[in-house]
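Morning, everyone. Please look at the screen while I talk.

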Amino acid sequence: MIEGQTSGTKTPKLRYGMVGGGQGAFIGGVHRKAVAMDGKAEIVCGAFSQSYDNTLATGDTVGLPRERLYRTFEDMIQTEAGRPDRPDFISVVTPNSTHYAAAKLALDHGFAVVCEKPLATSSSDAADLARLVREKDILFCVTYAYSGYPMVKHIRDIIARGELGEIRFVNGEYPQEWLATKLEETGQKQAAWRTDPKLAGASNCVGDIGSHIEFMVGHMTGLVIESLCARLDRFGPGRPLDDNATVMVNFKGGATGVYWSSQVAPGHDNALRLRIYGTKGAVEWFQETPNTARVSFLDRPIGFLSRGRDPMSPRAQSLSRLPSGHPEGYFEGFANIYSTFITALAKKLRGEALTADDLDFPGVEEGVQGVKYIEKCVESSAKGAIWVGME
Ligand SMILES: NC(=O)c1ccc[n+]([C@@H]2O[C@H](COP(=O)([O-])OP(=O)(O)OC[C@H]3O[C@@H](n4cnc5c(N)ncnc54)[C@H](O)[C@@H]3O)[C@@H](O)[C@H]2O)c1
């Protein structure tokens, strides 16, 4: 099967503003490139940094007029709300501790929101955002980036059809090596804020990457965590937050799992790997080779699925952009999330009903669950790695 994505082109371009993502930042630029890939929205304003000089320089590189570059996100959201050509949504790509304030202000002014994970640094703040989203009936996306890959959607559909049987056990891991030394002491800013509780929240490793495992397993299997037992380690001498975490989980319905995330694992970059075992078969997916998956069924030889080559579920195929053998990656995955969100928002603005496929992007409720998960891991570990319920 070689068809690429055939997304509609009727959607008029939406407008968006960005909070964070100044020059030198990591994920903001990824968001902008991902949006630009499909041309369904254009950036119209920004408060890209706490440094106004950086915001101006970033605005110049993305071609924004000075009048739409702001010293603070508060000024941007309040001023832009009164413009006739106001943005349709605001993307929040700052460190964790700013997500709540920026997203809340945007919601208060009626903007749809795309927000980075983790949604907030406390579950009460996260729940408050969810409440606002419900009350105001506003679309909200949390960018759990890895859910944008076509193969992930295909695996989700295989599992939903019961092809693996009943899921018994899930093994999820996300090792990285980048904090094996105390990089934060060199001035590397991504390391500095992630290891600072004031900016990252109560967890570094679980919040930053363990949260991806939690979301992805739920997304792909539908399993809901009932209780967990976590041990969070701090191997970096004097580091105030975790840099390695082992979590046992019990799911509602009897399945179990083990999640390991680490930033002190030499030899690993973004090695998110998920292995899902059912009564009839198993599947293994590795983020660094996202176009393929290993599938095994008890009654068949071990198989290997390839995006673009092998028949895929309709939803997965609709997100596939290139013929087989031309790898799609992180940008395309991110673009798929944005494309889905922007298309849904455009339909909503036109007053059209939204289908389940339209809403197939991570939403605020998943964001709330993610923050609860982080909090429960921290609580369990602090109490000596005891089992704690998710409720
Ligand atoms: N979804 C993913 O896969 C993924 C990947 C990386 C990072 N993230 C998340 O994205 C967020 C940002 O991470 P990063 O690595 O890009 O960080 P970063 O430090 O590279 O960039 C953060 C940016 O936000 C700006 N900023 C900080 N406070 C601000 C404020 N009050 N107003 C305006 N701008 C402000 C900084 O100046 C900087 O430009 C984090 O929440 C992180 O967890 C998600």
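I will start with the ligand and end with the backbone.

This is a predicted model: local features need pLDDT of at least 70, side-chain atom pairs count only at pLDDT 80 or more, and totals for chains, interfaces and linings use all residues. Residues are numbered from 1 along each chain as its sequence is written, and side-chain values use heavy atoms, with hydrogens and water left out.

Where does the ligand sit? The ligand is in the largest pocket. A pocket, on a 1 Å grid over the protein atoms alone, is an open set of points where a 1.4 Å probe fits, with protein on both sides within 12 Å along at least five of seven lines. To sit there, a molecule needs more than half of its atoms within 2 Å of the grid points.

Now the shell. There are 28 residues around the ligand. Near means a heavy atom within 4 Å. Phe-26, Ile-27, Asn-96, Thr-143 and Gln-190 come nearest. By class, the shell has eleven nonpolar, twelve polar and five charged residues. Gly counts as polar here; Asp, Glu, Lys and Arg count as charged.

Helix α7 (189-194) and helix α9 (205-221) each supply at least two shell residues. The largest share, four residues, comes from α7. Helices are DSSP runs of H or I with at least four residues; strands are E runs of at least two.

Why does the ligand lie between two domains? Because domain 1 (14-145 + 357-363) and domain 2 (148-323 + 368-389) both give residues to the shell. The bounds come from an automatic or database assignment.

Next, polar contacts, meaning N or O pairs within 3.5 Å. Ligand oxygen atoms lie 3.0 Å from a polar backbone atom of Gly-22, 2.8 Å from a backbone N or O of Ile-27, and 2.9 Å from one of Lys-117. Alone, the ligand exposes 850 Å², and the protein buries 93% of that. Those areas use the Shrake-Rupley method with a 1.4 Å probe.

Last, the backbone. Most residues other than glycine have a negative phi, and most peptide bonds are trans. Lys-117 and Pro-118 are joined by a cis bond, omega about -15 degrees. Pro-118 is in the loop between β4 (112-115) and α5 (123-136). Asp-137 is not a glycine, yet its phi is positive, about 55 degrees. Asp-137 is in the loop between α5 and β5 (140-142).

Technical notes:
A polar contact is a pair of N or O atoms within 3.5 Å; within protein, one must be able to donate a hydrogen and the other to accept it, and residues adjacent in sequence count only if both atoms are side-chain atoms. On a 1 Å grid over the protein atoms alone, a cavity is a set of points where a 1.4 Å probe fits but cannot get out, and a pocket is an open set with protein on both sides within 12 Å along at least five of seven lines; lining residues have an atom within 4 Å of a point.
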